[in-house]
Amino acid sequence: MSLTDAYDPQNIFAKIIRGEAPCYTLYEDDDTLAFLDLFPQSYGHALVIPKRSAARNMLDVDTEALCKMMVTVQRVMRALVEELKPDGVQVAQFNGAPAGQTVFHIHFHVIPRFAGEGLGIHAAGKADPAELEALQARLVKRLQQGG
Ligand code: 5GP
């Protein structure tokens with residue numbers, strides 16, 4: 001998938017937006033959706049996507065959607081920090097397969113980092129559903145409190 005290929009509406013994040021695939025939602029508004037990564041690289045690894053923008057990457061997303069994503073990235077990051085008390089947070093975004101992108105609907109990774117713990121392998125080990133569910137409940141509660 002090159003940087004300039006056409007947007008594929010059958011990508012997994014498009015299916016999640018349309019309600020055709022499940023996700024562990026953390027936060028949603030008219031323009032953005034935040035949910036847990038199914039193959040987390042750390043405890044609390046979250047993703048933020050635009051709901052209305054059929055964009056593959058930073059080159060083709062409209063500026064307004066991009067700005068709205070960043071507001072949600074900050075909101076989710078604050079909740080992750082308050083709830084999980086990480087020592088750092090990594091925000092990542094990949095454009096094109098050679099850069100590491102595997103799902104071609106633009107997204108930001110929000111990855112809590114804990115001192116002494118390395119980063120897990122990208123898009124590799126699937127998390128335990130019970131763990132994701134418990135984590136979702138904690139973070140949703142925190143986000144509802146305005147965290
Ligand atoms: P990318 O490699 O495109 O930057 O990131 C895609 C991310 O989506 C990866 O971190 C991968 O673990 C995650 N992912 C892939 N498929 C699914 C899925 O079906 N549901 C969720 N929640 N995350 C997914």
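Predicted model: local features only at pLDDT ≥ 70, side-chain atom pairs only at ≥ 80, totals over all residues.
The chain contains 3 helices and 5 strands, and these elements follow one another along the sequence in the pattern α-β-β-β-α-β-β-α.

**Overall form of the chain**

- The chain has a radius of gyration of 15 Å, which agrees with the value near 15 Å that a compact globule of 147 residues would have.
- Along its principal axes, the C-alpha trace of the chain spans about 40 × 30 × 25 Å.
- Of the 147 residues in the chain, 41% are buried.

**Geometry of H2 and H3**

- Helix H2, formed by residues 63-84, and helix H3, formed by residues 129-144, have axes that come within 9 Å and cross at roughly 115°.
- The crossing of the two helices, H2 and H3, is right-handed.

**Residues at the contact of H2 with H3**

- From H2, the residues Arg75, Val76, Ala79, Leu80, Glu82, Glu83 and Leu84 take part, and they meet Leu135, Arg138, Leu139, Arg142 and Leu143 of H3.
- The residues of this contact between H2 and H3 divide into 7 nonpolar and 5 charged, with no polar residues.

Terms used: Residues numbered from 1 in each chain as written. Heavy atoms only, no water. Axes fitted to C-alpha atoms, helices over the stretch in contact; angles between N-to-C directions. Helix = DSSP H or I, 4+ residues; strand = E, 2+ residues; numbered from the N terminus. Left-handed = near helix turned anticlockwise from the far one by under 90°. Contact = heavy atoms within 4.5 Å. Nonpolar A, V, L, I, M, F, W, Y, C, P; charged D, E, K, R; others polar. Rg over C-alpha atoms; globule rule 2.2 N^0.38 Å. Buried < 20%, exposed > 50% of the residue type's maximum accessible area, 1.4 Å probe, protein only.
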